[in-house]
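Please look over the model shown here.

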Amino acid sequence: MATPFSLREWLMIALIVALEATVALQQTGRMSRPSAQEVVERFHKVFYDSEIWMSTKWLGIPTAQNPNDAWIHQEIIAQVKPDFIIETGTWHGGSAALWATILQQVNPEGRIITIDINDLAKDAKELPIVKDKVEFLHGSATDPALVAAVSKRVQGKKVMVILDSDHRKNHVLAEMKAYGPLVSKDSYLIVQDTNANGHPVLEKFGPGPMEAVEEFLATNDQFRPDRKAERLLFTMHPKGYLKRVK
């Protein structure tokens with residue numbers, strides 16, 4: 001049986017394939033030299049379609065996080081030092097464990113509240129960092145009773161929010177309206193997977209996180225996209241790092 005490739009090997013393969021395809025097309029005269037943005041978008045599509053990001057783990061627990069974006073989340077957590085990080089979309093709990101590990105270093109009293117309709121985080125709940133810092137809530141993140149309970153829990157505290165559950169536009173927009181007011185000034189509302197619906201992947205997805213962000217920002221001047229958070233070039237959350245400025 002063949003030995004499976006490591007994450008690093010898959011990334012190298014994806015990059016080599018993308019570059020070789022570009023060179024081949026150039027040599028046949030069927031395309032002009034691609035712009036830097038076009039190269040990034042091609043790599044984005046190859047990386048996304050490979051589903052390598054689905055196999056990423058933290059402390060052995062699946063996270064489904066793009067390493068570039070996880071690094072930016074780390075920087076934001078270190079900068080904001082929130083008392084609470086509210087996460088919608090727990091899945092197996094790997095991302096909650098990751099945020100908790102980082103938060104422990106910059107705000108030892110900080111807590112993670114993670115919300116999902118399913119309970120798949122059995123293994124994550126055995127980790128000491130998760131036992132110490134993560135609170136699991138089960139139900140729809142837009143359930144008014146659940147939103148009210150979370151709002152009461154974080155009242156008067158420094159709050160950061162990460163949205164990564166149902167990616168359909170209406171659900172994401174409802175989450176933004178529910179949890180956006182809880183975000184502290186100079187903190188962040190991070191809307192994940194704004195790359196769906198052709199931005200640049202999953203062209204047939206239909207209105208999703210990006211469209212929710214655009215509608216939210218059209219009527220809300222308290223948040224602005226922090227494009228500096230996209231400086232690593234490849235992000236799965238374009239325009240999704242929203243900083244509260246008012």
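## Basis of the model

This is a predicted model, where local features need pLDDT of at least 70, side-chain atom pairs count only at pLDDT 80 or more, and totals for chains, interfaces and linings use all residues. Residues are numbered from 1 along each chain as its sequence is written, and side-chain values use heavy atoms, with hydrogens and water left out.

## Helix H4

Helix H4 covers residues 94-106. Helices (H or I, at least four residues) and strands (E, at least two) are DSSP runs, numbered from the N terminus. H4 has 13 residues and spans 19 Å from its first C-alpha to its last. That is close to the 18 Å expected at 1.5 Å a residue; the expected span is 1.5 Å times one less than the number of residues.

Buried residues of H4 include Gly 94, Trp 99, Ile 102 and Leu 103. Buried means under 20% relative accessible area, exposed over 50%, and partly exposed in between, with a 1.4 Å probe and protein chains only. Ala 100 also lies in H4. Ala 100 counts as buried because its relative accessibility is 0%. Leaving out residues up to four places away in sequence, Ala 100 touches Ile 112, Ile 129, Lys 133 and Val 134. Contact here means heavy atoms within 4.5 Å.

## Lys 133

Lys 133 sits in helix H5 (residues 128-133). Lys 133 is buried, yet has no salt bridge. A salt bridge is a side-chain nitrogen of Lys or Arg within 4 Å of a carboxyl oxygen of Asp or Glu. The nearest side chain of opposite charge is Asp 132, 4.7 Å away. For charge, Lys and Arg count as positive and Asp and Glu as negative; His and the chain ends are not counted.

Beyond its neighbours within four places in sequence, Lys 133 contacts several residues, among them Ala 100, Leu 103, Gln 104 and Glu 109.

Strand S7 runs over residues 188-191. Tyr 188 and Ile 190 point one way, Leu 189 and Val 191 the other, and all are buried. In a regular strand the side chains alternate between the two faces of the sheet.

S7 runs parallel to strand S6 (residues 159-163), joined by 3 bridges. Two strands pair if DSSP finds at least two bridges between them. Ile 190 is the bridge partner of Ile 162. S7 also runs antiparallel to strand S9 (residues 241-244), again with 3 bridges. There, Leu 189 stands opposite Leu 242.

S6, helix H7 (residues 169-179) and S7 form a right-handed β-α-β unit. Right-handed means that, with the strands pointing away from the viewer, the path from the first strand over the helix to the second runs clockwise.

## Salt bridges

The structure holds 10 salt bridges. One joins Arg 231 to Glu 75, with the closest N and O atoms 2.5 Å apart. This pair links distant parts of the chain: Arg 231 is in the loop between strand S8 (223-225) and S9, Glu 75 is in helix H3 (residues 67-80), and they are 156 residues apart. Arg 231 is partly exposed, at 47%, and Glu 75 is partly exposed, at 28%.

Lys 125 pairs with Asp 119, the closest N and O atoms being 3.1 Å apart. Arg 168 pairs with Asp 166 at 2.5 Å between the closest N and O atoms. Arg 168 is exposed, at 55%; Asp 166 is partly exposed, at 24%. Arg 111, Glu 135 and Arg 153 are linked in a network of salt bridges.
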